[in-house]
Structure formats: structure tokens, C-alpha cells
Amino acid sequence: LAREREQAEGLARGLGERLRGHDALAEASRLLQQAASPGPARLGALAGAFEALDRCGQHAEAGQKYAGAAQFLSRLKALQARALLLLRQEAQRQLQQAAQAAQGAQAAPAPSAQGEEG
């Protein structure tokens, strides 16, 4: 009876680990959907997605012996590629805004010192 209980506990632990990995994958997918929308929460969602993807990567390394590991790894790689694309787009957007702000600052006339003379 004790051996059966240990086996059942081991099975439960294994299932729990697998479920945590799939939960992290679902969380990463949800956060990437949020990051795809413009807005102030975009960078936070991207950061959270990268953290969740990191947890998924750890799970994938530990769970390569399980059935379905190939599908999990395939989905993980697709989400990683999407996350990198979104990060690239956000970096390009930020650089564009910085360049426009710099051009605007150069085009603005310098304050004149004539008003202070007198």
C-alpha cells in the first residue's frame, strides 16, 4: 500500500510539473496578445511574456521524455519568435519617436536674447 501511495504521489508531482509548463505557455501567449496592442502596458506585457517563456524553456528541457514534448517545444519556439518580433517592432517604434523628437528639437528656433537687452 505504501509503494502504491509513493507511485501515485510521484505521478501527481510529474503531472503538476507538466501542467505548470503548459500554464506558463498559456500565460506567455496571453501576454504576447496584450503586447501586440499599442499602449503603455506593452513593455510590461513583453517583459512578462519573456519571463513566462523562460519558465517554459526550463520546463521543455526537463520534460523532453514526455509524450507531446515535440508539440510543446514547437509552440514554445513559435511564441519565442513572435516575442522577438514584437520586441523588434517596439524598439523600432521607440527609435523612430526619438529621431522625430530630435528633429523637432533641431527645427525649433532657439530662444532669443534680444528680449533681455534693454
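Author: E27 is partly exposed, because its relative accessible area is 29%. This is a predicted model. The partner of E27 is R55, and the two form a salt bridge with the closest N and O atoms 2.6 Å apart. E27 lies in helix α1 and R55 in helix α2, so the pair ties together parts that are 28 residues apart in sequence. R55 is partly exposed too, with a relative accessible area of 37%.

The structure holds four salt bridges. Take another within α1. E9 and R5 meet through their side chains, N to O at 3.1 Å. The two are four residues apart in helix α1, which covers residues 2-35, so about one helical turn separates them. R5 counts as exposed because its relative accessibility is 58%. E9, at 35%, counts as partly exposed.

Now the pair between α2 and α3. The side chains of E90 and R42 meet in a salt bridge, with 3.4 Å from N to O. E90 lies in helix α3, residues 69-107, and R42 in helix α2, so this pair ties together parts that are 48 residues apart in sequence. Both E90 and R42 are buried. Salt bridges that share partners join R42, E90 and R93 into one network.

What does the side chain of R42 reach at 2.8 Å? It reaches the backbone oxygen of A35. The side chains of R42 and E90 are also joined by a polar contact of 3.4 Å. Residues up to four places away in sequence aside, R42 touches A35, S37, L86, Q89, E90 and R93. A35 itself is among the buried residues of α1.

Next, the setting. The secondary structure comes to three helices and zero strands. From the N terminus on, the elements run α-α-α. Helix α1 has 34 residues, which at 1.5 Å a residue should span 50 Å; its end C-alpha atoms are 49 Å apart, which agrees. Buried residues of α1 include G14, G16, G21, A24 and L25. A28, S29, L31 and L32 are also buried there.

S29 is found in helix α1. Its relative accessibility is 15%, so S29 counts as buried. With neighbours within four places in sequence left aside, S29 is in contact with R75 and L79.

Then the core. In soluble globular proteins, nonpolar side chains tend to be buried together. Here the largest nonpolar core has 18 residues. Those with the most contacts inside this core are L25, L32, L53, C56 and L76. Helices α1, α2 and α3 each supply at least two residues of the core. Which helix gives the most to it? That is α2, with seven residues.

Setting aside neighbours within four places in sequence, C56 is in contact with G21, A24, L25, F72 and L76. Of these, G21, A24 and L25 are buried residues of α1. L25 and L76 are also listed with C56 among the residues with the most contacts inside the core.

Last, the whole protein. Buried residues make up 24% of its 118 residues. Among contacts between residues at least 6 apart in sequence, 71% join residues at least 24 apart. The protein exposes about 8700 Å², and carbon and sulfur atoms supply 55% of that area.

E27 and R55 tie α1 to α2.

How values were computed:
Residues are numbered from 1 along each chain as its sequence is written. This is a predicted model: local features need pLDDT of at least 70, side-chain atom pairs count only at pLDDT 80 or more; totals for chains, interfaces and linings use all residues. Side-chain values use heavy atoms; hydrogens and water are left out. Buried means under 20% relative accessible area, exposed over 50%, partly exposed in between (1.4 Å probe, protein chains only). A nonpolar core is a set of buried Ala, Val, Leu, Ile, Met, Phe, Trp, Tyr and Cys residues joined through side-chain atoms within 4.5 Å. Contact means heavy atoms within 4.5 Å. The expected span of a helix is 1.5 Å times one less than its number of residues. A polar contact is a pair of N or O atoms within 3.5 Å; within protein, one must be able to donate a hydrogen and the other to accept it, and residues adjacent in sequence count only if both atoms are side-chain atoms. Accessible areas come from the Shrake-Rupley method with a 1.4 Å probe; for residues, only the protein chains shown count as cover.
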